[in-house]
Amino acid sequence: MLDSVGALASSPWIYAVVTLSVLLDVFLPVLPSGVLVITAATTAAGSANAGGGGAAAQTGHTDLLTLAACAAAASVLGDLVAYRLARRGGARLERAIARSRRLTRAQERLGTALSRGGGVLVVIARFAPAGRSVVSLSAGAAHRKVREFLPWSALAGVAWATYSVGLGYFGGAWLGATWLGTAVSVLALFAAGGLAAYVMQRPPQATATAS
């Protein structure tokens, strides 16, 4: 995978592939969009580091900024599409959510958080496995106002994209564009996801007390 992404990272197609992957993984959480972003960033950072300073390093830096921008924009757009679809889903979607304890709990917690002017849960969920899907669909199904949801979704997308690209950059800069550099960065992403999932699963009272 590293060799394939390394070849892809040298062409403009990497931005289209990352954008499409991040956009779709709100509907297909099995897509490894985070792994793809990290691998592309690791390859770019490793290539820039191997090429030394000057123009090569600047090119790598620009690529990383573009990569982060594409990932963040696709994340927000995917959230908004899922939100709109769920908002228009009608009774069938509401029944499906009612049958899922996880979706019901997320909907209740999200509604409370947004109504109180805080959407930190949206940001945290972006790092949890399938958390983005749960929160976006729940916000739409609960008919939360878009002005309550979208700013937090944008913050979540920027935070996730920056963190993912940053992991790839430091992994590539320290360990080179190797499997080791990619693996260390991916493990750090999974660790953040595990922590986010733990926070999301805590009872609302415990979360409120902790904050």
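A residue is called buried when its relative accessible area is under 20%, exposed when that area is over 50%, and partly exposed in between, as judged with a 1.4 Å probe and protein chains only. By that rule, 42% of the 211 residues of the protein chain count as buried. The model on your screen is predicted, so local features need pLDDT of at least 70 and side-chain atom pairs count only at pLDDT 80 or more, while totals for chains, interfaces and linings use all residues. Residues are numbered from 1 along each chain as its sequence is written, and side-chain values use heavy atoms, with hydrogens and water left out.

**The whole chain**

Begin with a cartoon view of the protein chain, whose secondary structure comes to eleven helices and zero strands; here helices (H or I, at least four residues) and strands (E, at least two) are DSSP runs, numbered from the N terminus.

In the loop between helix H7 (120-125) and H8 you will find Ala130, a residue other than glycine whose phi is positive, near 65 degrees. Most residues other than glycine have a negative phi. Ala130 counts as partly exposed because its relative accessibility is 27%. Just after H8, select His143, which takes a positive phi of about 60 degrees.

**The salt bridges**

Now show the side chain of Arg132, and ask which residues are linked with Arg132 in a network of salt bridges. The side chains of Arg132 and Asp25 meet at 2.2 Å, N to O. Because Arg132 lies in helix H8 and Asp25 in the loop between H2 and H3, this pair ties together parts that are 107 residues apart in sequence. Arg132 also forms a salt bridge with Asp79, with the closest N and O atoms 2.6 Å apart. Since Asp79 lies in helix H4 and Arg132 in helix H8, that pair joins parts 53 residues apart in sequence. Arg132 counts as buried at 5% relative accessibility, and Asp79 counts as buried at 3%.

**The nonpolar core**

Select Val18, Val22, Val37, Leu67, Ala71, Trp160 and Val165, which touch the most other members of the 23-residue largest nonpolar core, a core being a set of buried Ala, Val, Leu, Ile, Met, Phe, Trp, Tyr and Cys residues joined through side-chain atoms within 4.5 Å. The largest share of this core, seven residues, comes from H3. If you centre the view on Val22, you will see that this residue touches Ser33, Val37, Ala71 and Trp160, among others, a contact being heavy atoms within 4.5 Å.

**The nonpolar patch**

Leu77 is found in helix H4, and Leu77 counts as partly exposed because its relative accessibility is 45%.

Key:
A salt bridge is a side-chain nitrogen of Lys or Arg within 4 Å of a carboxyl oxygen of Asp or Glu. Lists of a residue's contacts leave out its neighbours within four places in sequence.
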